[in-house]
Every structure is written in C-alpha cells, then in structure tokens.
Amino acid sequence: MEELKAVAPDIDFIVVNDGSADDTAGICHRNGYPIIDLPVNGGLTVGFQTGMKYAHRKGYDAAVQFDADGQHMPQCLHNMIDEMDRTDVDIVIGSRFVDEKKDFSARMIGSRLISGIIRLTTGRKISDPTSGLRLFNRIMIKQFASDSMLNPEPESIAYLIRKGARVSEVQVAMREREAGESYLSLSKSVAYMVRACTSILFLQWFRS
C-alpha cells in the first residue's frame with residue numbers, strides 16, 4: 001500500500017479483506033488504510049464484487065482490480081488510465097504479452113488455449129486472458145456490481161465482449177508474488193483451465 005500511495009497518490013484505493021486468517025485487517029487499521037472487512041471468506045468473486053459495489057455506490061468513473069500479493073505494479077496504472085481515456089474502451093487489461101511472447105510452461109499453454117477460445121467465440125484477440133490487473137469504466141462497474149453471475153474470470157470478459165464491451169490491452173510488467181500463496185495448485189490450475197474453457201465455449205451462450 002505504501003508503494004501505491006507513493007507512486008499513484010491521486011488514485012483512491014480500498015482493501016477488501018475477504019475474511020482472511022492473517023493480519024490483513026490489523027495492518028490496515030494500524031496504518032490507516034481504508035478497508036472493507038468481510039466477516040467470512042467468500043472467495044475471489046465475492047471479494048471482487050464487493051469492491052465493485054463500493055466503487056458503484058461511491059460514483060467512481062473507473063475502478064481497477066489490483067492484487068495485494070506484490071505482483072501488480074502501481075507504475076502501470078496511469079498507462080492503463082491513459083489508454084481508457086484515449087480509446088474510450090470499457091475494459092483495459094494489463095497484459096504481460098502485448099509485446100512479449102509467452103513461454104511454454106503448462107500455465108502458459110493453458111493461457112494460449114483460453115486466448116484461442118475467446119478469439120474463436122468473440123473474434124477478439126486477448127493476449128493475457130488470465131491477468132488479474134484490469135481497469136473497468138463506469139458502465140462495467142455498474143454491470144459487475146448488479147450482476148451476481150459475473151466474476152473476475154476470463155469467461156466473464158468473453159461474455160461481456162459478446163455483449164458489446166470494448167476491450168483493450170496495454171503492456172505491463174509483473175513481479176513474482178511477494179506475499180501470500182496462490183489459490184491455484186497444479187491440479188487446481190488444470191481444473192481452472194478446463195472450467196474456463198468449458199464456460200466460454202458452452203455455458204455463457206445460455207445467458208441472456
């Protein structure tokens with residue numbers, strides 16, 4: 001948070017503490033960081049939707065999904081905001097692969113597969129569909145705040161593109177995780193890729 005405040009002091013932030021068992025709440029309260037302290041762990045979607053509902057109620061023009069594990073760099077935020085202002089798109093994805101190529105790890109093979117399926121079903125190339133660094137405009141904030149079926153996952157991005165959302169990507173750098181642990185083990189990563197691909201290919205088509 002201190003890095004975010006130093007690099008982007010003009011950007012408001014809120015910490016969504018999703019019922020964590022660590023000292024997140026204590027750190028926030030001791031340092032005066034604004035926090036929404038959920039009483040139980042509801043998972044990624046609940047935490048994300050909580051943040052979007054907060055942004056909607058406060059009337060923000062844009063909201064960024066920003067991980068607290070040290071991977072996302074606040075130095076990228078103004079470039080993403082500039083891209084949204086310049087192109088008037090609904091979503092800007094902070095992508096690792098606009099100018100750089102993916103490696104051939106199992107995770108990147110899965111990312112290639114999701115990118116291919118999104119392109120097949122929407123006609124739109126998304127080079128980094130699993131990036132968790134995304135900027136949403138006011139229209140998307142309202143959409144995510146009011147539709148409990150939407151989640152911060154590639155299938156929702158694909159669904160919104162099919163519904164007319166305009167998406168752009170900007171090249172960003174990301175660091176290795178500095179804190180916490182990924183909720184995706186190897187087996188869970190495989191299951192995640194299968195679920196995401198299945199949802200993009202089939203389930204999302206049945207939504208109105």
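Trainee: What makes strand β4 (residues 91-95) count as mostly covered?
Mentor: Five of its five residues are buried. Buried means under 20% relative accessible area, exposed means over 50%, and partly exposed lies in between, with a 1.4 Å probe and protein chains only. Strands are DSSP runs of E with at least two residues, helices are runs of H or I with at least four, and both are numbered from the N terminus. A word on the basis: this is a predicted model, where local features need pLDDT of at least 70 and side-chain atom pairs count only at pLDDT 80 or more, while totals for chains, interfaces and linings use all residues. Residues are numbered from 1 along each chain as its sequence is written, and side-chain values use heavy atoms, with hydrogens and water left out.

Trainee: Which residues of β4 point one way, and which the other?
Mentor: I91, I93 and S95 point one way, V92 and G94 the other, and all of them are buried. In a regular strand, side chains alternate between the two faces of the sheet.

Trainee: How do you know that β4 pairs with β5 and β6?
Mentor: Two strands pair if DSSP finds at least two bridges between them. Strand β5 (residues 134-137) is joined to β4 by three bridges, in the antiparallel sense. Strand β6 (residues 167-171) runs parallel to β4, with five bridges. I91 stands opposite F136 in β5, and I91 also stands opposite V167 in β6.

Trainee: F136 is aromatic, I see. How many aromatic pairs does the structure hold?
Mentor: There are four aromatic pairs.

Trainee: Why is the pair of F48 and F136 called edge-to-face?
Mentor: Rings of Phe, Tyr and Trp (its six-membered ring) pair if their centres lie within 6.5 Å; planes under 30 degrees apart count as stacked, over 60 as edge-to-face and the rest as tilted. The centres of F48 and F136 are 5.7 Å apart and the planes are at 65°, so the pair is edge-to-face. F48 lies in helix α3 (residues 44-58) and F136 in β5, so this pair ties together parts 88 residues apart in sequence.

Trainee: And what makes F48 and F144 an edge-to-face pair?
Mentor: Their ring centres are 5.1 Å apart with planes at 90°, so this pair is edge-to-face. F144 lies in helix α6 (residues 138-146) and F48 in α3, so the parts tied together are 96 residues apart in sequence. F48, F136 and F144 form one aromatic cluster.

Trainee: How do you know that F48 and F144 are buried?
Mentor: F48 has 9% relative accessibility, so it counts as buried. F144 is buried too, with a relative accessible area of 1%.

Trainee: Why is D88 called exposed?
Mentor: D88 has 51% relative accessibility, so it counts as exposed. D88 sits in the loop between α4 (77-87) and β4. D88 also has a positive phi of about 60°, although it is not a glycine. Most residues other than glycine have a negative phi.
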